[in-house]
Structures are given as structure tokens and as C-alpha cells.
Amino acid sequence: MYELLKEFIKPELLILIPVLYLLGASMKKSAVPDRYIPWTLGLAGVVLSLLFMVASTDLSGLQSIFLAFFSSITQGVLVAGASVYVNQLVKQAGKED
């Protein structure tokens, strides 16, 4: 699984997986309904990825701006999906057959 993540997710953004996992775990303990947690994690992943892209990319032309937005959306969705996947792995590991 880790090799697959490294293939699709930028190495600099892998840190967002545990960050989003912890955010999701804290939301689970709050009054936030469960159905909103994946959407919130997805949005947080996209926003955090966008912040990284804006801070680390030279946005000198329209093409580079569109590429930054595209990369932010795809990377944000991937890291959010990976954090939900990690949550499910943890949850399933704790269950007895």
C-alpha cells in the first residue's frame, strides 16, 4: 500500500495523511455527523494541498495556475482517501473475526 501511495501522492504531501487521520478522529469524537467527516477531510486535503502548491510553485502563467489547482484537487482527494483508508485499517484490525 505504501508503494502505491508513494507512486501517486507527492512525497511532500504524504504528511497530510496522518494529519487528516487525526482531524477525522477528533471530528468523530465531536458532534459532527459521521456523513460529513469524509467530505470535510476531502475539503481540508484540497485546501492544504493548495496551500502547499501556492507556497512551492512559481505561478507565473495561466497554465501553471491551472496545474496548481488541478494538482491540489487530485492530491487533496488522494490524501483524504488514504486517511480514510488508514482509519478503516485501524478499525478492522481491532475487530475479532
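Biologist: Leaving aside its neighbours within four places in sequence, which residues is Ile9 in contact with?

Modeller: Apart from those neighbours, Ile9 is in contact with Leu14, Ile17, Gln75, Leu78 and Val79, where contact means heavy atoms within 4.5 Å. This is a predicted model, in which local features need pLDDT of at least 70 and side-chain atom pairs count only at pLDDT 80 or more, while totals for chains, interfaces and linings use all residues. Residues are numbered from 1 along each chain as its sequence is written, and side-chain values use heavy atoms, with hydrogens and water left out.

Biologist: Why does Ser72 count as buried?

Modeller: Buried means under 20% relative accessible area, exposed over 50%, and partly exposed in between (1.4 Å probe, protein chains only). Ser72 has 1% relative accessibility, so Ser72 counts as buried. Ser72 is found in helix H4. Beyond its neighbours within four places in sequence, Ser72 is in contact with Val46, Ser49, Leu50 and Met53.

Biologist: Which residues in H3 are buried?

Modeller: In H3 these are Ile37, Leu41, Gly42, Ala44, Gly45, Val46, Ser49 and Met53. They pack against helix H2 (16–28) and helix H4 (62–93). Helices (H or I, at least four residues) and strands (E, at least two) are DSSP runs, numbered from the N terminus. By that count, the protein chain has four helices and zero strands.

Biologist: What span should the 20 residues of helix H3 have?

Modeller: The expected span is 1.5 Å times one less than the number of residues. For residues 37–56 that gives 28 Å, and the end C-alpha atoms are 28 Å apart, so the two agree.

Biologist: What makes up the largest nonpolar core?

Modeller: A nonpolar core is a set of buried Ala, Val, Leu, Ile, Met, Phe, Trp, Tyr and Cys residues joined through side-chain atoms within 4.5 Å. The largest has 14 residues, and Leu5, Ile9, Ile17, Leu20 and Val79 have the most contacts inside it. H2, H3 and H4 give two or more residues to this core, with the largest share, four residues, from H2.

Biologist: How do the residues of the lining of the largest pocket divide?

Modeller: A pocket is an open set of points on a 1 Å grid over the protein atoms alone, where a 1.4 Å probe fits, with protein on both sides within 12 Å along at least five of seven lines; lining residues have an atom within 4 Å of a point. The lining divides into seven nonpolar, four polar and four charged residues. Here Ala, Val, Leu, Ile, Met, Phe, Trp, Tyr, Cys and Pro count as nonpolar, Asp, Glu, Lys and Arg as charged, and the others, Gly among them, as polar.
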